[in-house]
Amino acid sequence: MTTTAESGPAGAGRADIGRNEIGKARLRKEDAHLITGRSRYTDNMVLPGMLHLAMVRSPYAHAKITAIDVSAAKASAGVLAVLTGADIAGEQGSLPNVWPVTPDQKAPEHPAIAVDEVAFSGEIVAVIIARSVAAARDAVELVDVDYDELPVVMDLEEAFTDKVLAHTTLESNKSATWVFDSAEAGTGTSVEDALADSEVVVERTLYQQRLIPAFMEPRSTVVDPTGEQITMWSSTQIPHILRFALAITLGIPESKVRVIAPDVGGGFGGKLQVTPEEIITVVAARRMGKPCKFTETRSESLQVGHHGRAQVQRLKIGATKEGIVTGFSVNLLADMGAYLGLITSGIPILGAFMYNGIYKFPAYRFECNNIFTNKPWTDAYRGAGRPEATFAIERMMDELATELAMDPLELREKNWIKHTEFPFATVAGLEYDTGNYEAATAKAVELFDYEGLRAEQKRRRENNHPVQLGIGVSTFTEMCGLAPSRVLGALNYAAGGWEHAQVRVLPTGNVEVVTGSSAHGQGHETAWSQLVADRLGVPFENVEVLHGDTQVSQRGMDTYGSRSLTVGGMAVLAAADKVIEKAKVIAAHMMESSEDDLEFANGAFTVKGTEQSTAFGEIAFAAFSAHNMPDGVEPNLDSEATFDPVNFSYPHGTHLAAMEVDTETGHVSVLKYVCVDDVGVVVNPMLVEGQVHGGLAQGISQALYEEAVYDDAGTLVSGSFVDYLVPGAPDLPHYITDRTETPATSNQLGAKGVGEAGTIASTPAIVNGVLDAVRHLGVKDIKMPCTPSRVWHALQEAKTSGGVQ
Amino acid sequence: MASSTSITVDVDGVTYTDDVEPRLLLVQYLRERLGKTGTLIGCDTTNCGACTVHLDGVSVKSCTMFAVQADGHQVTTIEGLAQNGKLAPLQEAFHQCHALQCGFCTPGMIMQSASLLKENPHPTETEIRDGLEGNLCRCTGYQNIVAAVKSVADGVEYDESGVSVSDDLVDDLAADGSERTGVS
C-alpha cells in the first residue's frame, strides 16, 4: 500500500489517543451467529397466532381491472380473508416518492394494491390472508380477476415518443426533464460551442441494461399489531426511513410505529425501498388484529423487487487532435418503470455530477428525461447513477483514444486532474477535495504488467490467434458519503443526509454504541467497535454496537450510498469525543486537578507531567455510583451526536482488465483483473477488501452476464435464477487488489467510502477490454451483457460488413 | 388438508417422528416444524444453494427434496456442524478469511464446501470454484470463500489474535492457482 500524503485530518486532533485500532484487520463480530445458523432473518420469525400472506399479481403489463371475484379463494381451506385494492382504498394511501427532481415532475398514484389499472406485470391486485403459507398460495390460484388489456410500452426509446402511454391517467410518458449546463451554472463554458469548435467529435449511443439487485435473502416482513404499538420486522436497508414513510403513507402516528431490521441478507440498494408488500402487511395485520408475515418467493423478488440502471445514453465528446477533451454532452433517457419508487427519479440525477469523471473538462451539459414504461420501477442499485456515468465517460474515453489512435491510458493522463491541483472545482459543480490518480494508475499498471500484456496482445493479433486479447482501462471517482443536507435540499430531496449516534457508557466501563446506520453485511459492528475502542481506549471486545431498531436507535438515515463510515462513523466519533469531554470533568474532580492539566490517552486521564492517572473504567463507575460528582454535573457519561458532512468524499481508482475473446465462439473470459482503489484512510482493510471483491463481482456481472429481459407483452422472461444469471464461483476471476491512500478532508478520519467502488469501475473496464480484443476485426460496439451470442454476432456482422480481417 | 405421512428423521443427532403432508419440502420441515432456521431459502428453483444440508453425509438442496424422502435418513444442518461447542474447521475458516458478509448464503456454502472437501480433500482453486457452482453468493465475489475452503484443505491453523490473515491466504491462493488463467 502506498501512502500519498503523510498526514491528513486523520493525523490531526486526537492523534495522541491510542491509534491502535484504525487499520487493523479485525475479524468480524457479526460472524459467530451467521456461521452456526443462529441467524435472525425476518422469515425466521414466528409469533403466536401469526397469519401468512400471499399476493395475487397481474399477469398483464398494462390492463384495466374490470372485476375481481374472491369468493372461491375466501372459501378455500385455511383462508381468513382476501383484500383487494378497492377494499383498502381508503387506508392504503400512495407509496412515497421522496425525490421530486423538478417542480413539474409527473407521477401516477401508486397504491400498494392496484385499484383500477395495472401498469406492470406482477403488480399486486389482491392479498390472501391465511393460516399457513401453503394455504395462502393455494388460494392465489382461486382469485378470478377480469382484465381489459391495454397496449404496453416496453422499449425506452419508443416510450419517449409517447405513441403508447404507460398509464391512461397520464398525458405523456415523460415524468421530468432535468438539465445541468456548465455555461448556465458558471462552472464551465457552453458545450455546444465547444463541440462545434472541436477538431474531433465522437458521438455514441450506449445502453445500460436493466439489472436486478438479486440480494440473496428474499424480502420478508412481519408485522405485529398487538399492543398499542405496531412493530414491523423487515428485510430492509432503511428502518428509519421506512418508519417515517409508513407513518405518512398510512396516517399512523410515527411514535406508534417501531421498525426493526434484524439480520438482513444483502441489499445493494434493492432494499432501499418502501414496498407495497410492507404497506399491505401492516394493513392486513391491523385488519386481522394478529401478526402477519409476508415472504416473497425468488420469482416474485426478481419480478417485482425494484430494478436498477436501464438507461439510454446519447453521448458526444469533443477533443483536440492532441487529445485534450474540449467538452462532453450527455443526453439520457432513464427508465423509471411504471411508477416512481422511493428515490427512482433521483437515481439518474445522482450520476449527473459524475459524467466528467476524474477529468478537467472545460464544458459539460447533462440532460435527463425520466420516462415511464410498463415495467417494474427502477431505483437504487449499487452505485445508483454513478456506475452509469462512469461507464459512459470511460467507454467514451476509449472511443476517443481509438479515434485519435492513442493509448487509452495516455489519453486519460492528458485529461485527468493532477494530484497537485486539488482541491479541484469540477465542471459538474463539485469540489473534489483530494486524490492522486497518478499514484493509483502507476501501481495498477505495474501490478497488471501493462506493457507485457500489450506485447502479448500484439503477438496474438499478428498470429491471428483464435483467442484475441484485449486490455480494458477504467479510471473512476465517485461521490460518496451521501450526503450534505444542504446539497440534498438544493436537489429537492425530501430529507437530510446526516447520521446520528449515541455512545452509552455502562457501569463496568463497557460501551454501547448506537448507530443510525443499518448494516446488512457490511460489518459495521466490527468497524464501529474499532472506532470507539480507538477513541476511548477501551478494549475492542468491550464495545457493543446496536443498530437496526428504531426503538433502540431513535434517529438515523440508514445505509446506502457508501455513507456509513464517512457519515455514520463520524457521528460515532463525535459522540465518543463528547464522552471524553464529560469524563474529563469527572476525572479532574476525582484527581483534584484542573481539566486543563489532563491528557487522555490509552483509556486513561493523566495529570500532565505526573504519574497520577484515572482509568476510563474508574470514571464510568464513579459516574454510575454518583457518590462524588462535581457540583452541577450529571451522573452519566452518555452522549449523542449528529454529523452532517460538509462535502461528499471522492474515492477513486484505476482498474485494468485483460480480456480474452474466443473469436470462433464469442466466449469471453477474464485473464487478469487488477484494481487499485484509493478509499482514503481505512479502518479495517479486511472489510474494505471484502467490499471491493463483492463490488467487482457485480460490476463484472453487469458487463458479462446479467439482464432483465422482457417479451413484447411485458412479461419478465428472466424471472428465476435459471434465467437471470447471478454469477457463481466459476464465472468470476481471481481479483488482484491493492490500494493507495490519500485521506479525504471532508471528515476527521480521512475515510472516503468503499461500498460501491468496485461496481462502478469494473463494468467499463471489462467492456473496454472486450472491445479492445475485437475492434481490429471491425467490431464497433457490443451491448451489455457481452454474452457469447452477442460477441459472436458482432464478429459475424463485422465480417460481412467488410471489417478488417 | 392433504393426508399426512409419518416420518422418522435424525436431524443434527436428534431423532424426530412427525406427521407431514407429502408435499412438504425438507427445508420447510426443518425450518417450520423443527425450528432449524439456520437453513435458509433463497430461491424456488434449486439454483442458489442457501438450503444445502447433508443427507447421510452428502450435500443435498433441501428445497428440492420432500420431507418424506428423508424418512429413515440422517440429516445434518449448519446447526449440527459444530461439535461440543467447537466450530468445525470450515466455520472457523469462513470467519478467519472473511468469507461471509450478509451471511445468507453461508450455511449452504459451508455445507457444500464440507461435501466438496470430503469428495476431494486437496482441490485446486478451479476445483473449489467448480464444486461451489450450485451455491450463489452476492456479497463476497467468492474470492474469500475459495480461500477459506483452500485453507481447510491445506490444514492452515489460525492464531487467536482476532486479526485476519485472509490477505496472505488470498496471495497464497493466487500463487497456488497459477494453473488457472481465466474463467470459463
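Start by selecting residues 200-211 of chain A, which is strand β9, along with β14(A): the two pair in the antiparallel sense over 11 bridges. Keep in mind as you click around that this is a predicted model. Now zoom in on A:Gln208 and look across to β14(A), where A:Gln311 stands opposite.

Stay on β14(A) and colour residues 308-319. Is this strand mostly covered or mostly open? Mostly covered: 10 of the 12 residues in β14(A) are buried.

β14(A) and β15(A) run antiparallel and are joined by 9 bridges. Go back to A:Gln311 and find its bridge partner in β15(A), which is A:Ala334. So that glutamine is a handy landmark: A:Gln208 stands opposite it, and A:Ala334 is its bridge partner in β15(A). Then follow the chain from β14(A) into β15(A); the two strands form a hairpin with 5 residues between them. Stop in the turn at A:Gly323, whose phi is positive, about 95°.

**A sheet with helices across it**

Jump along chain A to β23, β24 and β25. These make an open sheet of 3 strands in the order β23-β24-β25, with antiparallel pairing. Which strands sit at the edges? Select 598-601 for β23 and 613-615 for β25 in chain A; each pairs on one side only. From one strand to the next, the twist averages 20°.

Between β24(A), residues 604-607, and β25(A) you can look for 3 bridges.

Select 564-591 of chain A for α17, which lies across β23, β24 and β25 and runs at about 125° to β23(A). Then pick 616-625 for α18 of chain A: this helix lies across β24 and β25, at about 70° to β25(A).

**Chain A, zoomed out**

How many helices and strands does the chain have? The secondary structure comes to 21 helices and 29 strands. The C-alpha atoms fill a box of roughly 90 × 70 × 50 Å along the principal axes. The radius of gyration is 28 Å, which agrees with the value near 28 Å for a compact globule of 805 residues. Colour by burial and 61% of those 805 residues count as buried. Among contacts in chain A between residues at least 6 apart in sequence, 81% join residues at least 24 apart.

**Where chain A meets chain B**

Turn on chain B next. Here 52 residues of chain A are in contact with 56 residues of chain B. On the chain A side, the elements that give two or more residues are α1 (31-35), α9 (298-304), β28 (668-678) and α19 (685-704). Go to α19(A) for the largest share of that side, 7 residues.

**Last stop: two helices in chain B**

Select 89-96 (α2) and 143-153 (α5) of chain B. Their axes come within 8 Å and cross at roughly 135°, so α2(B) and α5(B) are oblique to each other. The crossing of α2(B) past α5(B) is right-handed. To see the contact itself, show side chains for B:Pro89, B:Leu90, B:Ala93 and B:Phe94 of α2(B), then B:Ala148, B:Ser151 and B:Val152 of α5(B).

Methods: Residues numbered from 1 in each chain as written. Chains lettered and ligands numbered in written order. Predicted model: local features only at pLDDT ≥ 70, side-chain atom pairs only at ≥ 80, totals over all residues. Pairing = 2+ DSSP bridges. Helix = DSSP H or I, 4+ residues; strand = E, 2+ residues; numbered from the N terminus. Axes fitted to C-alpha atoms, helices over the stretch in contact; angles between N-to-C directions. Contact = placed C-beta atoms within 7 Å. Rg over C-alpha atoms; globule rule 2.2 N^0.38 Å. Buried ≥ 20, exposed ≤ 12 C-beta atoms within 10 Å, placed from the backbone. Parallel < 35°, antiparallel > 145°, perpendicular 65-115°, else oblique. Left-handed = near helix turned anticlockwise from the far one by under 90°.
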